[in-house]
Amino acid sequence: MQGLRITIEVLIGSIILGYLMAFIAGFCRLSKNPIIKYMTIFYVEVFRGTSLIVQLFWLFYALPILFGIDLGSDYLAGILAIGLNYGAYMSEVVRGSILSVAKGQTEAATALNMSRFQRMRLVIFPQAVRMMLPEFGNYLIQMLKATSLVSLIGMADILYYGDILRGNNLSQAPTVYFLVLVFYFIMALPLIWLTRKMEAASKKGVAS
Amino acid sequence: MNTGNWQWDTFFEAFPLILEGLGITLGLTVATYLFALIFGFVWTLLSAVRIKPLRWLFRWIMEFIRSTPPLVQLFFIFFAWPMVPVVGFAMSPFISAIIGLGVHFSTYIGEVYRSGIEAVDKGQWEAARALNFSTGHKWSKIIIPQAIPPTIPMLGNYLIIMFKEIPLASTIGVAGILNLANSYGAANFRYLEPLTIVAILFLVLSYPSAILINKLERKMNRRFDKKEPTGSKSLSEEEKEGAVS
């Protein structure tokens, strides 16, 4: 199945973009500048409030018409849609974790005469990251599932090849789709394992 | 007013057409949700079976359904199920969507129920036994009434999540809003306006309900936090898990 490569490429692209957006948006939402803050809220709410499949179609079909921007390839549309969508979800995780770091930590850092930036980098952030880990793991699996949507805009991923195979031989449909499901599951297994690891890592050494 | 290639006539022409699909989209959401709520109980029961290898098997099946894409499952139900020997039969797109998406989400909902049941304080089980309650009574009078209410906000969240996954059904031909928008786009070579309408409809419907659920959650937390510190802790742990999808 050659589709495996595309699926994995899209997955990796979306993971990178998703995490990047998550941190950028997560921090921007905590910004004191109202313009940055409200723009971020707008981005997060729009992407969280509509479905991924609609966003994907919109980016692929509507964006080129509206602004004359051609995204060049379905690759970019797929990665953008999945990355931006899950970035919005995960930015809430980032924000929540940062806010849930005990207030005393901020105060202690201020007392030690750290700058705002130092405070975040040295004190708050390292503690917040460990809280984000389990959720980030969950979203990895979510993103893997989401990559199956790119076959709808014509990308040749696993599902796309599965559809073609079915088209060639209709009676083979159960085998073909079952195989596709198994492929996804096999790809998900390391992610599930990773999620468990991350959960364990985030629990280690924390008094609860 | 120059707004690029945006055309208001197209917008107003497409809007009522797409709105017609809203009933189907909402109906499908409700039907799938009910299916998932009921089927979730089945998963909860199956994953608590006493025989160990069987329990393992069921948990793996749940994991399998949960970590594979709902879109592929939908295709499997719709295209492949009729071809399966002996048990296979063809279903309409609408029914296929209910079963495909319903089964997918029921695995999540089953976990929610399980977390609710596990969050019930141990003393309650002991008290039920001490008072010589029968199994049926124990569940109906003590465990279930305490297990389900704290999970209501989580269940509400899943309703919104599911609502956003429902347009997947358009791929197998259920005439929901996305499907109508696409066919309008194909007929008139205008995708921009119809797809934007769909996005707006989703936003308008899901954003207020998300706020509502949030409020409900806060209210519930206030109510249950004080009573059972142990129970609510493991619940909030599950909540993190529940926030997936």
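**View 1. The contact between chain A and chain B in this predicted model joins 36 residues of chain A with 38 residues of chain B.** On the side of chain A that touches chain B, the elements that each give two or more residues are helix 2 (34–49), helix 3 (52–67), helix 6 (116–146), helix 7 (158–168) and helix 8 (173–203) of chain A. Sorted by class, the residues on this side of chain A comprise 25 nonpolar, seven polar and four charged ones.

**View 2. Helix 4 (residues 93–119) of chain B and helix 7 (residues 152–165) of chain B have axes that come within 11 Å and cross at roughly 160 degrees.** Because angles over 145 degrees count as roughly antiparallel, helix 4 of chain B is roughly antiparallel to helix 7 of chain B. The crossing in which helix 4 of chain B passes helix 7 of chain B is right-handed. Helix 4 of chain B contributes Leu101(B), Phe105(B), Tyr108(B), Ile109(B) and Val112(B) to the contact, while helix 7 of chain B contributes Met154(B), Leu155(B), Tyr158(B), Met162(B) and Glu165(B). By class, this contact of helix 4 of chain B with helix 7 of chain B has nine nonpolar residues, no polar residues and one charged residue.

**View 3. Residues 22–46, 166–185 and 191–213 of chain B carry the feature "transmembrane region" in an unreviewed UniProt entry.** In the model, residues 22–46 of chain B are 100% helix and 0% strand, and the C-alpha atoms at the ends of this span lie 35 Å apart. Residues 166–185 of chain B, by contrast, are 45% helix and 0% strand, with end C-alpha atoms that lie 20 Å apart.

Terms used:
Residues numbered from 1 in each chain as written. Chains lettered and ligands numbered in written order. Predicted model: local features only at pLDDT ≥ 70, side-chain atom pairs only at ≥ 80, totals over all residues. Contact = placed C-beta atoms within 7 Å. Helix = DSSP H or I, 4+ residues; strand = E, 2+ residues; numbered from the N terminus. Nonpolar A, V, L, I, M, F, W, Y, C, P; charged D, E, K, R; others polar. UniProt positions renumbered as here; feature names shortened; annotations may be inferred. Axes fitted to C-alpha atoms, helices over the stretch in contact; angles between N-to-C directions. Parallel < 35°, antiparallel > 145°, perpendicular 65-115°, else oblique. Left-handed = near helix turned anticlockwise from the far one by under 90°.
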